[in-house]
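Subject: A structure for you to look at

Hello,

I am passing a structure over to you, with some notes on what turned up in it. Please have it open while you read.

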Amino acid sequence: MNKTKLLRRLSSLGFSLHEYRLFLDTHPENAEALELYNATKEKYDAVLEEYEKEYGALTLNGKNSDEWLKNPWPWDTEDDG
């Protein structure tokens, strides 16, 4: 998958995780919602791992490295995504 598709997939899965967490805050005993949350979290983690393997750490919470200091910076390229 290319970078843009991976980022869109992460965004979509992240949104779903957030919504499941909000629902589980008010329905903590809902087993089906918890299963959906856990399945979505596994998918999110797999896509995040794929992204970071190919393009480097997405956040500082992930892998702490100095890769983000290396050129080119985003504004140094003409690639829109």
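Below are the notes, from the whole chain down to single residues.

A word on the basis first. This is a predicted model, so local features need pLDDT of at least 70 and side-chain atom pairs count only at pLDDT 80 or more, while totals for chains, interfaces and linings use all residues. Residues are numbered from 1 along each chain as its sequence is written, and side-chain values use heavy atoms, with hydrogens and water left out.

**The whole chain**

The protein chain has two helices and zero strands; helices (H or I, at least four residues) and strands (E, at least two) are DSSP runs, numbered from the N terminus. Of its 81 residues, 17% are buried. Here buried means under 20% relative accessible area, exposed means over 50%, and partly exposed is in between (1.4 Å probe, protein chains only). Among contacts in the chain with a separation of 6 or more, 59% join residues 24 or more positions apart, where contact means heavy atoms within 4.5 Å.

**Where the helices meet**

Six residues form the largest nonpolar core: Leu6, Leu10, Leu13, Val47, Leu48 and Tyr51. Such a core is a set of buried Ala, Val, Leu, Ile, Met, Phe, Trp, Tyr and Cys residues joined through side-chain atoms within 4.5 Å. The elements giving two or more residues to this core are α1 (3–26) and α2 (31–55). The buried residues of α2 pack against α1; among them are Ala33, Tyr37 and Thr40.

Leaving aside neighbours within four places in sequence, Leu13 is in contact with Thr40, Lys43, Tyr44 and Val47. Lys43 sits in helix α2 and is partly exposed, at 46% relative accessible area. Lys43 and Arg9 are 34 residues apart along the chain, yet their C-alpha atoms are separated by 9.6 Å.

**Along α2**

The 25 residues of α2 should span 36 Å at 1.5 Å a residue, and the end C-alpha atoms are 36 Å apart, which agrees. The expected span is 1.5 Å times one less than the number of residues.

At the N-terminal end, Asn30 caps α2, with a side-chain oxygen 3.2 Å from the backbone nitrogen of Glu32. Further on, Glu52 also lies in α2 and counts as buried, at 11% relative accessibility. The side chain of Glu52 reaches the backbone nitrogen of Leu58 at 3.3 Å. Just after α2, Gly56 takes a positive phi of about 95°.

**The salt bridge**

How many salt bridges does the structure hold? There is one, formed by Lys41 and Asp45, with the closest N and O atoms 2.8 Å apart. The term stands for a side-chain nitrogen of Lys or Arg within 4 Å of a carboxyl oxygen of Asp or Glu. Lys41 and Asp45 are four residues apart in helix α2, so about one helical turn separates them. Lys41 is partly exposed, at 31% relative accessible area, and Asp45 is partly exposed too, at 33%.

Best wishes

Methods
A polar contact is a pair of N or O atoms within 3.5 Å; within protein, one must be able to donate a hydrogen and the other to accept it, and residues adjacent in sequence count only if both atoms are side-chain atoms.
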